[in-house]
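Please read them alongside the sequence and the coordinates.

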Amino acid sequence: MNNLENGSAGRLRIGIDVGGTFTDFVMTDAVTGRVALFKEPSTPDDPSRALLEGLQKFLAHEGMQPSDVGGMIHGTTIGLNAIIQRRGATIGLVVTKGFRDILEIARCRMPSSFDLHAAKEVPLVPRARVVEIDARFDRDGTLTRAPSESELDRVATELNALNLDATALMLINGYAAPEAEARIADALAQRMSLPISSAAAIWPEIREYERTLVACLNAYIQPLMDAYFARLTEGLERIGVTAPLLITASNGGSLSVGSAVARPIETILSGPASGVMAAVRQAAQSGMENIITFDMGGTSSDMAVATDGTAGIATRTDIGGLPLVLPVVDVNAIGAGGGSIVWADAQGVLKVGPHSAGAHPGPVSYGRGGLEPAVTDCFIAMGYIDPAQFGGGAMPLDGAAALAALETVAGRVGMEGEDIAARLAEGALAVASAGMAGSLFRTMAERGLDPRDFVLLPFGGAGPTHANLLAEEIGIGRILVPQAAGAYCAMGAAGADLRRDFVRSLRTLLDDASAKAAESTFAAMEAEGHAWLEGELPDVVDRRVERSADMRYAGQAYELRVSLDGVEDWAEAFHHEHERIYGFRDTVAPVEIGTIRLALIGAGQPLAASVATGDGAPVKARRPLFHKGTWLMATVHERGALGAGAQIPGPAVVEQPETTTVILPNWIGSVDAHGNIIIERAPA
Amino acid sequence: MNIDPVLLEILGNKVASVTEEMCLTLQRTGRTLYVKETADFACALAGLDGRFYAYPRSIGVSGFVGLECLPAIQSVVETQGALEPGDVILTNDPYRSTGLATHLPDLHVIEPFFHDGQIIAYGWCFVHCSDVGGRVASSISPLNTEIFQEGLRIPPVKLMRKGEMAPEVKLFLDANSRTPEANMGDIRAMLAALSTGRRRVAQLVGQHGVETLKSAPEALMSYAAGKAEAVLRTFPAGSYRFSDYLDDDAASRIPVRLAVTVEIADGKVHLDFTGSDPQVATAMNIPSCGRPHAWLTLRMLALVQTLDHSAPLNAGLLRPLSIYTPLGSLVNPEEPAATGVRHAAAIRVNDILNGAFGLALPDVLPAAASGTVIPIVMSEPKATGGRIVQVIEPLIGGTGARRGHDGVDGRDSGISNLANNPVETVEAELGVEVLHYGLRPDSGGAGQWRGGCGMELSFKVLTDGSHVLGRGMERLMFRPWGQAGGQPGQPGSLVINEGAPRERRLGKIDILEVQAGDTVTFRTPGAGGFGNPMQRAAEAVLADVQAGFVTAQAARRDYGVALSDGKIDLEATTELRQAAGSGEGTVFGPERDAWDGIFSPTAMDRLNAALLALPLSQRQARRREIFETVLAELPSSFPRNAVSQAQAETARKKLTTLLETL
């Protein structure tokens, strides 16, 4: 399975996450149990450069050789950025006659009812590159319009004339006959020199617009991703890394480079997903199963919910204004990030965001030309962040400029007197917290969950800095700040499982016969999954299958996803879930089974548990912290010097190169055996 | 107590968030389609004045922020005694709630939120329930002539007394609905939402103190009012008049007129609907009760929000606005006018406000949107008996063009922002084969900026004895107008068996019986264009032709752009464009021009003033008599086809004579 048993060769497992500003590396050493972090400035023009250079520096810094690397798992945002910025390939689309406008119409909704100037999203394939074909299925999957040879010739000729990089194919009701649609795609492919993705073959789920998008998005980013992975693989070979490379996926798992090239669409939201998966594993290590993750980065904050040790999976997400129906770890944007602008409107009312200074020019304190103060500047004004120690001292900030900019805004909201920069900053963070709390409450209300039953797990550069304020606002009593909080997506990558999701839409009344048919479809999906896994990494022994179905009462317009793992009575499982979420069950209406889903998971190598590295909680300095309008003296600690069992009563600040953790008055932090800081309300 | 600018922002966020949580609770616990799928519900927090100081932005019906709760509350206090903790008011009656409810299927509830024995706020929710009795299932038909045909009227009553449901109220409710259990499910979902609101407001009191919570409504509403006034101050002062027509009132072929004068001065705006038609004997009356009602002010709210995205969504936005609606008119009907499909008239109210504000702000407002929402419903006999009833698609059109921007093709959130149905789910449920679901080329009004395309839905019926319902069809006659010389969009249409021997071109339908093998084709209007089409960049016209939004013939005819071999023929184009005339201002299209040629705006203003002076019981009959007498002088194709000078002259004279007798 691997060569860990042979001593030190291949002892390192490396997770890499490419962000907009930094490329993060996490190294776990199977021999020593040590976890090391490293950051290299990203190179957006060719992200593989920072990756290769950073990897070499990191290995050198840790005294390791390329041959010590036993496994690498990598997440990339190339595909996502190409979609958001509409910089993907020139693609075409072939659709059933009568449906040329499928991307123009989409689901018919506008982004806003209140904005008379709202525009719809730019279609991924312009109408001039959509070609109709006289082919379609009926609802049972029977090919009621079979394309003639001459029709296929005509379509291929038209496509060839469009000078495309790739094309997608979607036939109405193709979800009911994915193999037949794939054959028509093949027949077209033989007539032209162009790759073609069949929507039904990639994702045979009912709903033609969403399925078309899956195929189009896949084709749209494929050439870019293919080129990137080719450069990367070649570069790794050049620097002597021969370990297998895996790519993280949006569903929280990972896949081989070969699979990622074939289905790049499965990887586009992998960054945030990896962070959440790392949080779930970390919390489980510390015996916590119900968590809300809080990832606060430069431009925004995200949250995700895990219950019973499992992260929620969404089957409808938004990608740059387009819906994506592939299963992804359910991450929700909830508000401000460190770069969100703090400003006053014409009425003198204080606002935070939605505009962000991002990394360039960044907050005023970055000294890169930013003139409007941002949330990070507020952290400085309140003493949360020591400008001299930012990035472990590698990137000192201009605190005076931050204060001056905040004072200007304070003047606009009519503040006078002492400490107006700090007071304005405290107000701005309260505004930011209120906004985040509102989004969080809404997300929980939709799921019928009470946030007070959860542990908050912050990560990202600003997560641990803001987490205690947010916990106070929402009434959460416990925060877990992991050691690697500043490079958490890379951490998640390092521990990722292999995972692939499969889907089939059945749309039938649930009875003995249809359940039996569904069982055999599940079996076929599972066999396909095992075959896939063999091709990814042979000998993965620890495998798991997750099955679920979208079900509803006949006549209902909405479906509910129900886990079928270990379930005998599917209908009862549905009734039960319906009752849990909606508060009632309908024992009269028949139950319908819509789409069935299966995930095959091959467990990744368990990472060595992180350990606390220091002893006690030595105070390296003291500095004033602004709290509720006054300055309080806080203790300052070095994260790496903290030992298991250490107690840190607030107000306190814990510094590490990637982030700063703030512990407020009346809260107390304790360091557990894994080096996590658990912050709880101090006993009265 | 004074609320500082930091706390104001925090509170604004928090109270809005409370209303969204209430909505999510309602949606999660509600049982019916209206709640789950079309989100025809809303929740809000009202201050002691009964106005909404917190309203959800991203969920539920967006347009009701201007509703007022106080009259319903006062009515209950007067008739049933003071409100106590645990009391919840229920009403659905537009007249007895003074316009809080606007048609009977909307059930509204209000709960006083107490702190230390004092009311500090009201929670409010409404749900469009499945049925409240009346003449037809679902309680809505355009052909109802009185509110009494529309179902059970619930005057403001205490549904809950000290936390217990009043049994006699429940008995009345259950006895008067075809779907009592579903209704009770929706009511319970609203009670759950109110309970979320009550709990969260109590939490806010705990966090910020009761004095802050009591001061929040006024602070938040004056903040919004300040924003609205700041926006309005940028508008050029003046008086702007605009009128438009609904094709008809659903029961006769006489068009229905809506007119408004918008007066703008010094950060204030006054809407005067004088000149609008008397209330109609069908169900499209808007029961505003003379107030600046939500249905009459939505466009103005959207305009403020468009120009200042940071404006909080609350009733303060309407403070700079005053209104006059003639009593007994379509926009302020007297009891017992039916109101079930008031949204049909509201679409046209949006259009006239859009037109009038467009005269003041020609660079901001677009030309007319397609102005129609048609839920195309199929009712199909089941092999096992009974019928399957299902929406095929809610068909809409596009949005109007404005300076610098083409309209949006095939989408329009003006009245509702409903999602469509995937064709595959439709085919999985119903025996139809959808042949074409797409945009309608050449339907968008030509202009320097093109109006959005309308849509086309064509399907083949697979079951004998199926019924197709197409309520809400509009602008089959009067086109969505163009602006600043832009052309109007194409009108809508309905064709059965197009291109086949049994082809039939139909107008509006209520219920149409079709058989297996029939094809049904709906086309929605295109939206209006903006600016002279001869000034549209020839490359933009070519791109539209290549994409198929415009045909090569229309490029030549409407834009003066000649194409040959897929390229612009520069010489021919220059020639065509030089020969073309140029329009200006609002372009209504030939049907409206023909109509106005007989029934001029001045004459219509006079007619409506005179009709309103008559007793309510006589208005409809006199109005019908006048129109029928004049129309009798004209060919039946009027106003679709132009009439001769002589015919027009005769008809005009007739009208003048009739006006004089009034």
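A crossing of two helices is called right-handed if the near helix is turned clockwise from the far one by less than a right angle, and left-handed if it is turned anticlockwise.

1. In this predicted model, that definition applies to a helix pair in chain B: α15(B) passes α16(B) in a right-handed crossing.

2. The two helices comprise residues 616-631 (α15) and residues 645-661 (α16) of chain B. Their axes lie 9 Å apart, and the packing angle is about 155 degrees. Angles over 145 degrees count as roughly antiparallel, and α15(B) and α16(B) are therefore roughly antiparallel to each other.

3. Which residues form the contact of α15(B) with α16(B)? From α15(B), B:Ile626, B:Thr629 and B:Val630 take part; they meet B:Ala651, B:Lys654, B:Leu655 and B:Leu658 of α16(B). By class, the residues of this contact comprise five nonpolar, one polar and one charged.

4. As to the domains of chain B, the assignment gives domain 1 as 5-225, domain 2 as 367-532 + 582-586, and domain 3 as 590-661. Between domain 1 of chain B and domain 3 of chain B, the C-alpha centres are 44 Å apart.

5. Chain A contains 16 helices and 35 strands. Its C-alpha trace spans about 80 × 65 × 55 Å along the principal axes.

6. How does the radius of gyration of chain A, at 26 Å, stand against that of a compact globule? The two values agree, because a compact globule with 684 residues would have a radius of gyration near 26 Å.

Terms used: Residues are numbered from 1 along each chain as its sequence is written. Chains are lettered from A and ligands numbered from 1 in the order in which they are written. This is a predicted model: local features need pLDDT of at least 70, side-chain atom pairs count only at pLDDT 80 or more; totals for chains, interfaces and linings use all residues. Domain bounds come from an automatic or database domain assignment. Axes are lines fitted to C-alpha atoms, for helices over the stretch in contact, and angles run from 0 to 180 degrees between N-to-C directions. Helices (H or I, at least four residues) and strands (E, at least two) are DSSP runs, numbered from the N terminus. Angles under 35 degrees count as roughly parallel, over 145 as roughly antiparallel, 65 to 115 as roughly perpendicular and the rest as oblique. Two residues are in contact if their C-beta atoms, placed from the backbone, lie within 7 Å. Ala, Val, Leu, Ile, Met, Phe, Trp, Tyr, Cys and Pro count as nonpolar, Asp, Glu, Lys and Arg as charged, and the others, Gly among them, as polar. The radius of gyration is taken over C-alpha atoms; the globule rule is 2.2 Å times the number of residues to the power 0.38.
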